[in-house]
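Here are my notes on the model, as numbered points. Have the sequence and the 3D view open while you read.

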Amino acid sequence: MFRNSTATKVVVLAMPHNVRFDTPSLERAASSLMPFACRKIVGTQIDYPPIPGSQTSVNINGETVTLGYSPTDHRVALQLRLDTQPFLPNCTASDPIQLLFPHHFKSLHPGQRPLVDGRYTWNSIMGPLRLYKAGAFVQLIDTDGFLPFFPDQVVDSNLQNPLQARQSAVEDIYETMRNWFFLEEFQTGGNHIDSFLRNIGTYDNQQFNTYEQGLSTLIESLMIADQLAHSTKLTGNDTSTNSLHACLCKPKTQVAAEMRDYILQALKELVGQWADVYTAQFIQYNPTFKTTYGFPAGYGSVQNLNDHHFHYGYFLRAAAAIGRYDRPWLDGYLPFFDELRKDVANYDRSNTDYPFLRNFSPFYGHNWANGTSQNGADQESTSEAINFSVGLMELGLILGNNEWRDMGMYMYEQEILASEQYWFNQDATLGNVVPRPPTDPNDVRYNGNWPEEFVTYRGPDGGVWHTTLAGILDQRFVKRETFFGGIDATYFIHLIPMSANTLYVGRNQDWLQATWKQYLLDAGAQGNPDFKSDFEVFMAAWQARMPTSGSGINGTGLNAALTRIAREHTFKFFGTNSMAKYWAYTNSLLGQVDTSIVADTPAYGAFKDAGGGSSFVAYNPTDQATTVNFKNRVTNTVVATLSVPAQSITSKSSGRTSTFKPSQITTPGGRLYLGPTTGPTPLPMTGQLTHAAGTWLPPNGTFPFPRLSTDISRITPSLSIVPVATGDCSNIDLPGEEHCANSNKAYAEWTGTFKGTLVGSKPFTQMIVYTDPALHVGWQQDPNIRANTTVRVEYYFNSTNTTPDRIEVYTRPSFFGNTFVMLGNKITPYYFGAYNCVDKNPPNPNAKPCDDSTSGLYGLGDPGLKVTLDNRFAATAAFPPSVTCGKIKVQVYGQTGPDQPIKVPVPVSVGTSPLLDRASWVQPPYDGGECAP
């Protein structure tokens, strides 16, 4: 302890760790370093256009270095600069000194390397720190491209499933996705998750927090389904049936298109609801703490401002995925996504609504996840941090916003570089000799950026083991563990999401394969092939990144990956079997990432397989066709050229070129939207069915949050609230009408027309009717509210008829605390598995005037969920082949039974713009649209 009661300034000289601890050595180091200790840092700056105020170029030894991202030079160039001033008298040093982290030194401009003083180093958690004698340095980071999604090579290939004779890869992917979508993905221990159609809440449940991993499933599945819908190799009709004899009975490509359209709508709903205060979760801006966060909170995202980049990366990528199919939707929600973008990566210092690059540290070269950094900042999942950068790049490319593209590319490649250095330690040498620990604990000997005894050690089996991957990087320590699971979680957390944007993990195949070997040792799988991780599909995806090697489930390549996926494993809602199979097959066709090849566009991939064959992929989201040149990074020789049409992805492999363009989704001509109704008095409430979608959207402006949970006044114009039925009837009885005369006419009825030719061999009524008996502001959770809701559809195949030809009744029990967009109150025909007839008093009690033997309502065979064909008024007619001009009525009502206390009004969403993602509609199985009755 030193005391000086008269001192006004204290200078602490941090002596280098590599000098001998004796007086002469310390004095020499002090003499060399002390002259620089008279300057203090008064400001820091990153020079990287588009950051405002950045220098645009730097002169280094006569060379003009242009800063920013250059697709043609295949690099990101930036400058980190200190502003200093003397704070001691007689300060002769004109420049400061600073310490360079390993990633700084690795990417340092060659012309500035002479400014590194190799005599002195300091030890740190992040490896050896080098002395640099200047106040600014330039990083040159190579870019190796990125892909937002894979090309369609698999779905248009002849690749076969090696585990099942005579099954093609595209059939395997299709059947696996169809089962997940309509039926159920298999689950361990006899547990059930239900189909995606019936259980969207699995991917984003009501009151789910903003950590939306499940969105990645929809992002990836949307593209897979679209590629299946366009496949030339997916042929024939799907004639599979469920336990109730329901049959899809339509072309497989058409089934894939239906899956695509439904996934797209679900993705819009699950993302869009966060921008709607009248749902179970919402996001708000807090001006006091200058942050945007969501409720409910998760993982300290509100109270500690943790993990915002992890969470919002999924939102940005979902926005980009939707934007590829529905640009008006993206444009409509863009202000919402821009707030999420700025909360994490506001790069304009003049925007004081948010701090400058909140999560991302330009000096450390990566994000920190700990929001307040009490006791030190930390970060776990490098891949989810990079996922945010990808979302920013994707949106920048789609919107033509080069600032977002360039900031995304900088954060992407910078964080990959930091991950390779500090989480993966890829510069280490993995030897077969366990080093002896030094006798002096202060004698730190690095292998890469970690102490050599941490990198290579004697395992519990007596063999040589290695640490090639860390779970958590903290400012004070590095750990192999994670915040949430065992050793397999440490490997898994750097592999999510299962998306083409994580291909960078395979840039260093030596490290990747060594890490796989160590995973098998760490997890115990090397000696126990029956070992199962909680994250089996992600382990399979990892195996598929590597060339074929070894045998059995612990080998690498396609066979091993498919074998792992095929055995029973725990379902993960953010990584389905269809995603994993599509990933494995695609990687087997493309090969491994080849960083020796570069392209003059941001979104590309170059690959080489074990046989030396090359594949090239380029994505063009613009409205103009482009030509992409692939070159050898060293010689600059063109090795391939791709002509990529607008809004398309093109791949070239083995002399074959394939182009895929995401579909332009159009609203079917037969769709009829539920418009506003009269009422609520007199009953019944009436409205029109029309092809013209509603226009209602929440009013612009800022409004106080409603203080009362029952105040829904601001969205009342978009609702038809059906009152309570007073009678005692069955679900199929329309309140107040012939079979339920003792009730008030407590229903709403919409009438419209249709015409055209019948669609499909197993036609059925399609609909989405959004209801919510538990509607409340904000949280929208009331465990006391639960009631059946019924949708009744009447068909008149001639609009002049007064008696319906066909009556269908859909009754769904609601769920506690529901929302508009998920679970039972979003009424669709996919909950139902077959038809059930109600006879018109036939002479023979066993007679069946209507045919309920088969239907197109393909799904899990739940006997309790059938569409009732009500033929008590007239024998139920089948859909005729064509209709010149028909009439359709849709009626909605709530609980009709004797239990009056449980009856509640039923709000039905009507007249809203489809942009709001709760526009109710019904679609007869005819293609002609409306007609004049």
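1. Start with a strand pairing: β34 and strand β41 (residues 882-893) run antiparallel and are joined by nine bridges. Within that pairing, F754 sits opposite G886 of β41. Strands here are DSSP runs of E with at least two residues, helices are runs of H or I with at least four residues, and both are numbered from the N terminus. Two strands count as paired if DSSP finds at least two bridges between them.

2. Before going on, some ground rules: this is a predicted model, where local features need pLDDT of at least 70 and side-chain atom pairs count only at pLDDT 80 or more, while totals for chains, interfaces and linings use all residues. Residues are numbered from 1 along each chain as its sequence is written, and side-chain values use heavy atoms, with hydrogens and water left out.

3. Back to β34 (residues 748-757), which also pairs with strand β32 (residues 685-690); these two run parallel, with four bridges. M685 stands opposite A748 in β34. Seven of the 10 residues of β34 are buried (buried is under 20% relative accessible area, exposed over 50%, partly exposed in between, with a 1.4 Å probe and protein chains only).

4. Which residues have the most contacts inside the largest nonpolar core? They are F182, F196, L228, L267 and F337, in a core of 216 residues. Such a core is a set of buried Ala, Val, Leu, Ile, Met, Phe, Trp, Tyr and Cys residues joined through side-chain atoms within 4.5 Å. Leaving aside residues up to four places away in sequence, F196 touches W180, F181, Y203, L218, Y262, I263 and A266 (contact means heavy atoms within 4.5 Å). Another core, of 12 residues, lies apart from it and includes F616, A618, F630 and L642.

5. Now the aromatics. Rings of Phe, Tyr and Trp (its six-membered ring) pair if their centres lie within 6.5 Å; planes under 30 degrees apart are stacked, over 60 edge-to-face, and the rest tilted. That rule gives 59 aromatic pairs. One of them, Y364 with W368, is edge-to-face, at 5.1 Å centre to centre and 75° between the planes. W368 counts as buried because its relative accessibility is 9%. Y795 and F797 are stacked, since their planes are at 20° with the ring centres 6.0 Å apart, and both residues are buried. F196 turns up again in one aromatic cluster, alongside W180, F181, F182, Y203, Y262, F764, Y830 and Y858.

6. Have a look at helix α12 (residues 509-523) too. Among its buried residues are W511, L512, W516, Y519 and L520. The cover over the buried residues of α12 includes α11 (487-492), α13 (536-544) and α14 (558-566). Just after α12, G524 has a positive phi of about 85°.

7. Finally, some backbone spots to check. Most residues other than glycine have a negative phi, and most peptide bonds are trans. The P49 to P50 peptide bond is cis, with omega near 25°, and P50 lies in the loop between β1 (39-47) and β2 (57-60). F295 and P296 are also joined by a cis peptide bond, with omega about 0°. H74, not a glycine, has a positive phi of about 60°; H74 counts as buried because its relative accessibility is 10%. D917, not a glycine either, has a positive phi of about 70°, and its relative accessible area of 2% makes D917 buried.
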